[in-house]
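Colleague: I am new to this structure. Could you walk me through how to read it, feature by feature?
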Amino acid sequence: MAGPGPVRRGRDGEAVSRFVERFAAQLTDAGMQRMAARVFAQLLASDGGAMTSAELGEALRISPAAVSGAVSYLTQVNMVSREREPGSRRDRYVLHNELWYETFTRRDQILTLWEKTLRDGAETLGPDSPAGARIAETAAFFEFMQAELLALMDRWRTHRATLDLPAR
């Protein structure tokens with residue numbers, strides 16, 4: 001179990017740690033690499049949305065190598081970026097602004113790619129064959145999902161403007 005790490009005064013460090021581990025476990029169950037999920041959840045739970053490798057290692061009680069591997073994965077999938085700490089040679093890892101919006105927008109791009117490939121596959125297999133029909137239905141599903149996702153993201157932007165959220 002991870003230790004509390006640096007915690008804002010008045011917060012229960014153990015409760016924060018339990019939240020980080022619980023959310024990380026859910027991300028892992030959804031398919032994310034375990035250590036990347038822990039690092040991501042820890043960054044999400046930090047007030048600044050940014051931590052150094054040493055801070056992440058201390059908070060999660062993991063090795064620098066584990067932090068490095070997790071950050072490499074999170075950087076690859078565009079969930080965090082690496083920034084140089086001003087006046088230092090240390091890197092800090094930062095969550096992207098509008099993280100969930102960006103993540104789902106990238107999913108939209110993936111759905112577009114999959115839809116095109118599936119339509120090509122359905123044509124190759126023949127739309128009248130069982131496999132072609134199944135693949136054509138899958139392509140239609142991704143087309144539907146893409147349209148719904150775009151509309152959902154528009155609704156989110158409108159809804160977010162109505163929320164009493166602190167400025168970023």
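Colleague: Which residues in helix 2 meet which residues in helix 3?

Modeller: Some ground rules come before the contact. This is a predicted model, where local features need pLDDT of at least 70, side-chain atom pairs count only at pLDDT 80 or more, and totals for chains, interfaces and linings use all residues. Residues are numbered from 1 along each chain as its sequence is written, and side-chain values use heavy atoms, with hydrogens and water left out.

Modeller: Now the contact, which means heavy atoms within 4.5 Å. Arg38, Val39, Gln42 and Leu43 in helix 2 meet Leu56, Ala59 and Leu60 in helix 3. By class, five of these residues are nonpolar, one is polar and one is charged. Here Ala, Val, Leu, Ile, Met, Phe, Trp, Tyr, Cys and Pro count as nonpolar, Asp, Glu, Lys and Arg as charged, and the others, Gly among them, as polar.

Colleague: What is the angle between helix 2 and helix 3?

Modeller: Two packed helices are described by the angle between their axes and the distance between the axes. Axes are lines fitted to C-alpha atoms, for helices over the stretch in contact, and angles run from 0 to 180 degrees between N-to-C directions. Helix 2 (residues 34-45) and helix 3 (residues 53-60) pack at about 105 degrees, with their axes 10 Å apart. That makes helix 2 roughly perpendicular to helix 3. The cut-offs are under 35 degrees for roughly parallel, over 145 for roughly antiparallel, 65 to 115 for roughly perpendicular, and oblique for the rest.

Colleague: How do helix 2 and helix 4 cross?

Modeller: Their axes come within 8 Å and cross at roughly 85 degrees, helix 4 being residues 64-76. So helix 2 is roughly perpendicular to helix 4. Met35, Ala36, Val39 and Phe40 in helix 2 meet Ala66, Ala70, Val71, Tyr73 and Leu74 in helix 4. This contact has nine nonpolar, no polar and no charged residues.

Colleague: How many helices and strands does the protein chain have?

Modeller: The chain has six helices and three strands. Helices (H or I, at least four residues) and strands (E, at least two) are DSSP runs, numbered from the N terminus. Along the sequence the pattern is α-α-β-α-α-β-β-α-α. Of contacts with a separation of 6 or more, 49% join residues 24 or more positions apart.

Colleague: How many salt bridges are there?

Modeller: Side chains of opposite charge can pair when their charged atoms come close. The rule asks for a side-chain nitrogen of Lys or Arg within 4 Å of a carboxyl oxygen of Asp or Glu. The count comes to nine salt bridges.

Colleague: Where do Glu115 and Arg119 lie?

Modeller: Both lie in helix 5 (residues 99-125), four residues apart, about one turn of the helix. Glu115 is buried at 12% relative accessibility, whereas Arg119 is partly exposed at 36%. Buried means under 20% relative accessible area, exposed over 50%, and partly exposed in between (1.4 Å probe, protein chains only).

Modeller: Asp120 and Lys116 also lie in helix 5, four residues apart. Their salt bridge spans 3.1 Å, N to O. Asp120 is partly exposed at 40%, and Lys116 is exposed at 52%. Elsewhere, salt bridges that share partners join Arg82, Arg84 and Asp91 into one network. In the bridge of Arg82 with Asp91, the closest N and O atoms are 4.0 Å apart.

Colleague: Is Glu85 buried or exposed?

Modeller: Glu85 counts as buried, at 19% relative accessibility. Glu85 lies in the loop between strand 2 (80-84) and strand 3 (91-95). Beyond its neighbours within four places in sequence, Glu85 is in contact with Thr52, Arg90 and Arg92. Glu85 and Thr52 are 33 residues apart in sequence and 8.4 Å apart in space, C-alpha to C-alpha.

Colleague: How many aromatic pairs are found?

Modeller: A pair of aromatic rings is described by the distance of the centres and the angle of the planes. Rings of Phe, Tyr and Trp (its six-membered ring) pair if their centres lie within 6.5 Å; planes under 30 degrees apart count as stacked, over 60 as edge-to-face and the rest as tilted. The whole structure has three aromatic pairs. One of them, Phe141 with Phe142, is tilted, at 5.7 Å centre to centre and 55 degrees between the planes. Phe141 is partly exposed at 44%, while Phe142 is buried at 14%. Ring pairs link Trp114, Phe141 and Phe142 into a cluster.
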